[in-house]
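Here is a short report for a first look at this structure. Keep the sequence and the 3D view at hand while reading.

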Amino acid sequence: MADRMQPHQVQVHGLKGHQQQGPSASKALAVLTMLPLGGGLLALAGITLVGTLIGLAVTTPLFILFSPVLVPAALVIGLAVTSFLASGAFGLTGSWSLSWVGRYIQEATQTMPESLDQAKRRMQDMAGYVGQKTKEVGQEIQRKAHDGK
């Protein structure tokens, strides 16, 4: 157990000439400026909370008395607003769809003459190919017919 390590002690010395100073002047000025402002806003928040609670205490009996009228009225207004927004959304969707169809048709008619010309050329080439093949087959049949006699 003699080879057990002994704990070391470490001494830490501060830097010479470096002394702890208080907060800077700009930080102190910021605190002095923000403290009254924050306190005032906190006071306004408290006053607003108290006013809300008083208003709720006064109007709650009125809401209970007039709820047979207020609830259906709120439902009607809510449904009216919802239907108005839905009709606007459907109108925008319909106009966008018509615009898309119009652009699609316009693009299709612009590229159609090119497609038609290309289809005509293909048909002419195919007709020429079929005609040539028919002629070759006819000649082959005639040759075999002459050879067979």
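Where is the place of Met34? Met34 sits in helix α1, which covers residues 25–148. Helices here are DSSP runs of H or I with at least four residues, strands are runs of E with at least two, and numbering starts from the N terminus.

This is a predicted model, in which local features need pLDDT of at least 70 and side-chain atom pairs count only at pLDDT 80 or more, while totals for chains, interfaces and linings use all residues. Residues are numbered from 1 along each chain as its sequence is written, and side-chain values use heavy atoms, with hydrogens and water left out.

**The chain as a whole**

The protein chain has one helix and zero strands. Of its 149 residues, 0% are buried. Buried means under 20% relative accessible area, exposed means over 50%, and partly exposed lies in between (1.4 Å probe, protein chains only). The accessible surface of the protein chain is about 14200 Å². Carbon and sulfur atoms account for 70% of that surface. Such areas come from the Shrake-Rupley method with a 1.4 Å probe; for residues, only the protein chains shown count as cover.

**Annotated regions**

An unreviewed UniProt entry lists residues 41–64 and 70–93 under "transmembrane region". UniProt annotations may be inferred rather than shown by experiment. In the model, residues 41–64 are 100% helix and 0% strand, with end C-alpha atoms 34 Å apart. Residues 70–93 are likewise 100% helix and 0% strand, and their end C-alpha atoms are 34 Å apart.

**A nonpolar patch**

Met34, Leu37, Leu41, Leu44 and Ile47 make a nonpolar surface patch of about 540 Å². Patch residues have over 30% relative accessible area and no salt bridge; nonpolar side chains (Val, Leu, Ile, Met, Phe, Trp, Tyr) are joined within 5 Å, like charges within 9 Å. Met34 is exposed, at 52% relative accessible area.

**Salt bridges**

How many salt bridges does the structure hold? There are two. A salt bridge is a side-chain nitrogen of Lys or Arg within 4 Å of a carboxyl oxygen of Asp or Glu.

| Pair | N to O distance |
|---|---|
| Arg143 and Glu140 | 2.3 Å |
| Asp147 and Arg143 | 3.4 Å |

Arg143 and Glu140 are three residues apart in helix α1, about one turn of the helix. Asp147 and Arg143 are four residues apart in helix α1, also about one turn. Shared partners join Glu140, Arg143 and Asp147 into one network of salt bridges. Arg143 is partly exposed at 42% relative accessible area, and Glu140 is partly exposed at 33%. Asp147 is exposed at 56%.
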